[in-house]
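A guided account in running paragraphs would be welcome.

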Amino acid sequence: GGTDGGHDDEGALPRLTVFARGYEFVFRAKIIPDDRGGEKQQFGVFVTCNPLRGENDVNQEINLKPGELIDLGTFGDDDDDDDGGKKTLSAFIVKNYIHKFKIGRWGVVSGRDDAVCDPTDDQTGKLRGGPSRRVLSYVRKHARGERHFPTINARIAPDMSVHMLFGMRYEGNWAEYEAGMQELVPLFGGKEVEVTASRSYGFGSKQVAGSKCLQSIGVFQTGDVVACVRQLDRMFDSSEAIDRHPSSLIERSKRVVECLLDRAEKLLEMFSDVKFRSGDDCGIGVDGHNNSSLISASQHLKKLSRMLGEHH
């Protein structure tokens, strides 16, 4: 069992206490120095543990089978709905690009068809109220080249909720598993240890990532384009909403809209000459949608392009 939502006094950052296998694990979110030597504020989560001493079990040791993980609870916001908390990977790619990849560290692939659990606000890119009070939202993604192993893992429950699990995964390589477990030895000696999550996807530098994100739009299908249009509508639902955003974000949004519009028009051209037979499931209607979905999406994109173009 465990309790979430507690806070340390400094900065009111959250902490999580979990009782498992004869130990009390305390996870604390902290502000840590920029690993690149800059002044950018970043966060990390650190864990300590203490044995639960019973009358007849003073020296109780942790008892985990190889690869067994400790459930830390669900990730995200209990109030998330289908349109807000979980979205398609394509919509998340677009939103992440527009927000300069600031939200990428929070996203967790969470279900069927690469759905992403996204605990950030569409307008600001910052954590929404619920997730900001949860310590697991502050776990760093494990960077390439780091010597230590990720020990926070995401798993999908049958109800499609995202559970975060603590421990070293065993994936058939015993030497790697032992090396990862060795990094947890100081934890059971009273030391504080940082925990990180696996980086499930990444593109390298922001410049490379930006190019690849825009390139990926070029292979989006109808469902992807429609999902991205819905995402953009949530971010830019009025001229006033557009005016609230900085110019740099507007410029990135213009590039996204241009790429989406180009893709929508190419898909329309691709299927304009295809003759669909009524009720024929073998017809080439991308993602099961007919041209009306693309036509509507294209119209929305053209309107948004004009609105963004009017922003100064």
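The model is predicted, so local features need pLDDT of at least 70 and side-chain atom pairs count only at pLDDT 80 or more, whereas totals for chains, interfaces and linings use all residues. Residues are numbered from 1 along each chain as its sequence is written, and side-chain values use heavy atoms, with hydrogens and water left out.

Helices (H or I, at least four residues) and strands (E, at least two) are DSSP runs, numbered from the N terminus. Helix α1 spans residues 89-98, and nine of its 10 residues are buried, so the rest of the structure largely encloses it. Buried here means under 20% relative accessible area, exposed means over 50%, and partly exposed lies in between (1.4 Å probe, protein chains only). Among the buried residues of α1 are F92, V94, K95 and Y97. After α1 comes K100, which has a positive phi, near 60 degrees.

D118 belongs to the loop between β8 (116-117) and α2 (129-132), and D118 is buried, at a relative accessible area of 0%.

Helix α7 (residues 247-272) packs against α1 at an angle of about 145 degrees, with the axes 8 Å apart. Axes are lines fitted to C-alpha atoms, for helices over the stretch in contact, and angles run from 0 to 180 degrees between N-to-C directions. On the α1 side, V94, Y97 and I98 meet L249, R252, S253, R255 and V256 of α7, contact meaning heavy atoms within 4.5 Å. The charged end of R252 sits over the ring of Y97, 4.1 Å from its centre; this requires NZ of Lys or CZ of Arg within 6 Å of the ring centre and within 35 degrees of the ring normal.

The whole structure holds 10 aromatic pairs. Rings of Phe, Tyr and Trp (its six-membered ring) pair if their centres lie within 6.5 Å; planes under 30 degrees apart count as stacked, over 60 as edge-to-face and the rest as tilted. The pair of F25 and F188 is edge-to-face, because the ring centres are 6.3 Å apart and the planes stand at 90 degrees. F25 is buried at 1% relative accessibility, whereas F188 is partly exposed at 30%.
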